[in-house]
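Hello,

Here is the structure you asked about. Please open it alongside this note, which goes through what turned up.

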There are 4 protein chains.
Amino acid sequence: MDGIGIGLIGTGFMGKAHALAYRAARAVLGDVPPARLELLCEVPADKARAMADQFGFARSTDDWRALVNDPKVDIVSITTPNRLHKEIALAAIAAGKHVHCEKPMGMTLAEAKEMAAAAAAAGVKTIVGYNYIKNPAFQHACRLIRDGAIGRPIHFRGWVDEDYQADPNLPWTWRARLEEAGLGALGDLGCHLVSMAYGLMGPIESLIADMQTVHETRALPDGSERKKVENEDVATALVRFANGAQGSLAASRTAWGRKSKLAWEVHGTKGMLVFDQERMNELHLYQNEGERALQGFKTILTGPDHPPYGLFCPAPGHQLGFNDLKVLEAGAFLRWVGGGGKSSPDFSEALEFEKVIHAMAASAREGRRVSVQDQAG
Amino acid sequence: MDGIGIGLIGTGFMGKAHALAYRAARAVLGDVPPARLELLCEVPADKARAMADQFGFARSTDDWRALVNDPKVDIVSITTPNRLHKEIALAAIAAGKHVHCEKPMGMTLAEAKEMAAAAAAAGVKTIVGYNYIKNPAFQHACRLIRDGAIGRPIHFRGWVDEDYQADPNLPWTWRARLEEAGLGALGDLGCHLVSMAYGLMGPIESLIADMQTVHETRALPDGSERKKVENEDVATALVRFANGAQGSLAASRTAWGRKSKLAWEVHGTKGMLVFDQERMNELHLYQNEGERALQGFKTILTGPDHPPYGLFCPAPGHQLGFNDLKVLEAGAFLRWVGGGGKSSPDFSEALEFEKVIHAMAASAREGRRVSVQDQAG
Amino acid sequence: MDGIGIGLIGTGFMGKAHALAYRAARAVLGDVPPARLELLCEVPADKARAMADQFGFARSTDDWRALVNDPKVDIVSITTPNRLHKEIALAAIAAGKHVHCEKPMGMTLAEAKEMAAAAAAAGVKTIVGYNYIKNPAFQHACRLIRDGAIGRPIHFRGWVDEDYQADPNLPWTWRARLEEAGLGALGDLGCHLVSMAYGLMGPIESLIADMQTVHETRALPDGSERKKVENEDVATALVRFANGAQGSLAASRTAWGRKSKLAWEVHGTKGMLVFDQERMNELHLYQNEGERALQGFKTILTGPDHPPYGLFCPAPGHQLGFNDLKVLEAGAFLRWVGGGGKSSPDFSEALEFEKVIHAMAASAREGRRVSVQDQAG
Amino acid sequence: MDGIGIGLIGTGFMGKAHALAYRAARAVLGDVPPARLELLCEVPADKARAMADQFGFARSTDDWRALVNDPKVDIVSITTPNRLHKEIALAAIAAGKHVHCEKPMGMTLAEAKEMAAAAAAAGVKTIVGYNYIKNPAFQHACRLIRDGAIGRPIHFRGWVDEDYQADPNLPWTWRARLEEAGLGALGDLGCHLVSMAYGLMGPIESLIADMQTVHETRALPDGSERKKVENEDVATALVRFANGAQGSLAASRTAWGRKSKLAWEVHGTKGMLVFDQERMNELHLYQNEGERALQGFKTILTGPDHPPYGLFCPAPGHQLGFNDLKVLEAGAFLRWVGGGGKSSPDFSEALEFEKVIHAMAASAREGRRVSVQDQAG
């Protein structure tokens, strides 16, 4: 049987992104083992069949348990609602499968810890869908920091804002429930920001946070009653990094006009780096170098000089898109599963990101500085 | 035999883009007949085999004549150097194939006319690789103009700049020869701009142009001698549209810092639209509406409200990339070839774009206003 | 004696700005009593003479005590180093003068409180140099919020960054001493941000802050030793406003590349407002109004529709500059002193801004949330 | 009598700008002889008195002939409607006054030539109000080009767009008449662009232009009839510079959303410079230098490293405004009149700029390339 068998669960936003990514990875990247689109799970069964046909999967099912136990499936790709991540991942791990799970891993820190522990115990390979860190512009930023282009990093500011819950008239949904959705803006958005902060600055040691639920209740779709929104619309933290730097993290799902505003700036002793996902092919760099009258922020347009951009396109400035980031993620995992170098973040690494968002929630509840590592599951 | 058989000639910048696009089109777009990646042509044969393996083509060849005559090939996709377009296209048309040809169709207007005539006579379906007009942001702009969002279009300004020939120290190559490359900046870049101008403003009737070859000679790679650069580095035209509007078009391959600066603005009697391919997910709109103190240019981030963006991603502002535009182009052609609605631009429509760049060259040589339709082939 | 007599102390950055502003105010604004540039104080006396000649002051002195007691002086304008503000202001108030003092009023909260109390007791008129809030773009933002253009304000983010202390190799100066400079980035920059936050959002009730001194020591100019930097390079706070909104404030004097990055965003239930002093003639507005496919951030260029811009220039988009803001400040104070409406912020209002920066310093020292009003002087 | 006596004619947009500029020049710049605001001319006489009082002029008149012959007036500053420029300037020159005239000098090239000849014959000093070239950002750009920062300049693109005539419903006014206004967008706006092109690139030798009157008729204010608009709304030219470079110039007064879009880019063999007056404190520079992965356009914020910015403010990025440019212009002229170095552009230099706009109009009328120097007056 040629290639690595992919079993994909879910066909929504992330399901489609995974399907496209596994379909494209080798054609784009070259040095990646072939992926075999083996089995697609969706409900009901006829939708599963239709989507398998569209995405090019060989077979379909409406039973995720069948999928995780299918002998032709090597990688189980989980893109279901968050509340199912843990159960499916544990079953897949138990079946000896490698697991590609969307973020956040779990709704609670306890879930994420259990998943990471199970994967470690079973020795299967894992990856979590922190696709934004695959961006060549981001990888370039990390290299620049490592190479000292901005000196010693001293301060970090990050924001991740969208407006999908900004409208007060949106109805109450499962998104508003802790039991079904887990965290709000922190789980949807905040953890992506943390993944970038870690790549640029390293681990966060402690933080103080505040949270707010802007729209405290929302009407049921039928208008019969208003129900409480249980999780946060906005969260902000002051953080201290292990490297001695300070900084702040902010996440909002009620930020009108922001569509994918995952943005940050790293202040260094010799310069600054600035990024904004809404212009994901640009990196802004200031360096205290050369004649002062010529200093300014440079807008670096990503191109072949920023690997692996060139695998998508040999011409600079031609723009990668969101789905291309997922191709890089799937490709990296295929390489590892196929025997190549390790890809990141695996469950244990992603757990570190998710500790931070749960620490933020805990700090906000308790009104005090908390240690990221001390968080109870 | 399931699906529409694709025979792709070339594996460079555009070859890879076509391969990825045909591979992804149905998975992304849904309502597209399946494409069968049947045959890939490259030289030498072992490179053809390797690339076929990477891209997922069933077979490979080093003989384009074999490809255009292969019974399992329905669409011949031509991504070779420009000087081969005509010969291959004519052979494919003679073999009754549908043809997907990269732009510009021909090195001369005579070539392009011959190709368009042959396709029309044979009744095969054709499309030319003017992918930028597939951008949802661009399609939205066209809709806005049709709907009167900026009133009557009165003026157009367009630029298309890159810097791949900006360095005086680059060696002389085939790109510098009229016989091998045809036009310079106009053929590489200018025709893309024309395709956008036509979509927004309709046909151009006449123009006056000027051209310059900035680097008049370049050294051979071995440094033995300097040879003449025969085609233009920069060209600019003042144009008059059939709708009564005026405007200007400019193209440069020696514009340091510009990587994909395909940009334009449309002035209307009620507002303005502005676009820049280097930020291809943004459209800028000014409307003389509402309170004056609140007027300003709006930055519209493309999203699901701008079809067919939503087929790539249900979340706004998440960014499409260059290769996604090619997916839309391949998908549109697959629909037509599969019996659906006509896709554009076919050879006869693309011929209109290419008349403009040749009219620019003629006007610049002759120093006078020329009619676009009067251009001799 | 015609006009309101101005006695200006200091001829540095702010001294010159005050001189230009009082010189221009009536010519620009029209409805302002004439200012008489009466007396300029600087040391040594010959520099005072030379600068009085340049700025157009009638007389000069090297003795600020003479100035504050001069019978022809009505307004004492204090632009000395911060450590002298209190003593001079108290002397001027004692002499019955109206006082225009640069920010921050005092090095400590106790100083600021003493100044505000003295002014209140004496009944003299005062103003503090929070010039950024005079910007027509800012005033427009405040009006938009009051008019409900973005609904209920729910979140505020503000930053004020410069890089004048970013270079690790800058020598140790008085700026580094608590006793001479008071606070660092908070006093120089942070209080400007607070003045804007108050205008947009109203009072801050409590906050949690963190601070860092990035460059802990600096070398004396002669290189003989390294001395401790006693005040903060960077400070950040999570704040809660009296109106129920949350937000964050950040200030840095070590932010390479930032020259006057006094920037903020106000999130509302119906839209967002964004501003950046480095592009001080622009206001960015998103409103959830009209067709979704047309929504986007609008860049509003300030013009005559945003009073009092038109007093400087009848043409929109022609740009005001930093010194123009000072003209508005001086003009507003001249109007009040001349019997017109009250100008802001007077000492008691500015005291509220300065309470916030001292609360930030206190919270950072103590590691806990503090109430802004509970700050001991 | 101390200082150089200023006689100002006009109190509109430019009149006020001149008044403020002469009032501020020495205070800002220091090394400038004092200006004495001697006499202000406006009609009717009571308005002249009121504005003289506001601006700080010693006396007022409603008779410009009295002003140009007043013995206490040294500089006659002309800010009347264009149709009066010539008559007043010739009278002032005849009276031996130095003349500061707003642009364009004359409504026709013949007028401008007559004015330049008269000034030359009389030996008086002159300056024309091309204030945008005084911008420190622009002066820095000129220095960078002279110093080779972008290599040899090869191409220039410039635009100057506003929207004050964009609304089709604006009434017919004197602006629409050749006899009263002279040229349209070219006279109001285009000549400013030419002044920048000359500073950056040197003289223009020949050009081909096209023009359009977008709104061919406008209704009289009382709605009684529609009258013809005699001058151009939009004009564009392809130009050839004496240095061998090519380029284009465009001007529009019907460009919705553009408020002061005086923008240009200079392409060089080693880099590019880009400027936009709507962000007049920024200069954008790309240089083909250093590591390719770090190349990008730099946004240089003007500051003290870009003289004479520091005379306004010692802190970078704090922003100059439109009126500050006029201060620099007035200051330069005061220096020359006071015996210092020559200021620019005098009438003979400004005549060169104005030849270009008249050459554009002639080329558009005649449909052929014209030589700038061959223009009949």
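α8(D) bends by about 30° at Cys191(D). The bend is the angle between axes fitted to the seven residues ending there and the seven starting there. Because 16 of its 17 residues are buried, α8(D) is largely enclosed by the rest of the structure. (Buried is under 20% relative accessible area, exposed is over 50%, and partly exposed is in between, using a 1.4 Å probe and protein chains only.)

A word on the source. This is a predicted model, in which local features need pLDDT of at least 70, side-chain atom pairs count only at pLDDT 80 or more, and totals for chains, interfaces and linings use all residues. Residues are numbered from 1 along each chain as its sequence is written, chains are lettered from A and ligands numbered from 1 in the order written, and side-chain values use heavy atoms, without hydrogens and water.

Now two aspartates.

Asp163(D) sits in the loop between β7 (153–161) and α7 (178–181) of chain D. It counts as buried because its relative accessibility is 10%. Its side chain makes a polar contact of 2.6 Å with that of Lys259(D). (A polar contact is a pair of N or O atoms within 3.5 Å; within protein, one must be able to donate a hydrogen and the other to accept it, and residues adjacent in sequence count only if both atoms are side-chain atoms.) Asp163(D) also touches residues including Tyr286(B) and Trp256(D). Contact means heavy atoms within 4.5 Å.

Asp210(A) is in strand β8 (residues 204–212) of chain A. At 3% relative accessibility, Asp210(A) is buried too. Its side chain makes a polar contact of 3.0 Å with the side chain of Arg369(C). Among the other residues that Asp210(A) touches are Thr236(A), Leu238(C) and Gln246(C).

Best wishes

How values were computed:
Helix = DSSP H or I, 4+ residues; strand = E, 2+ residues; numbered from the N terminus. Lists of a residue's contacts leave out its neighbours within four places in sequence.
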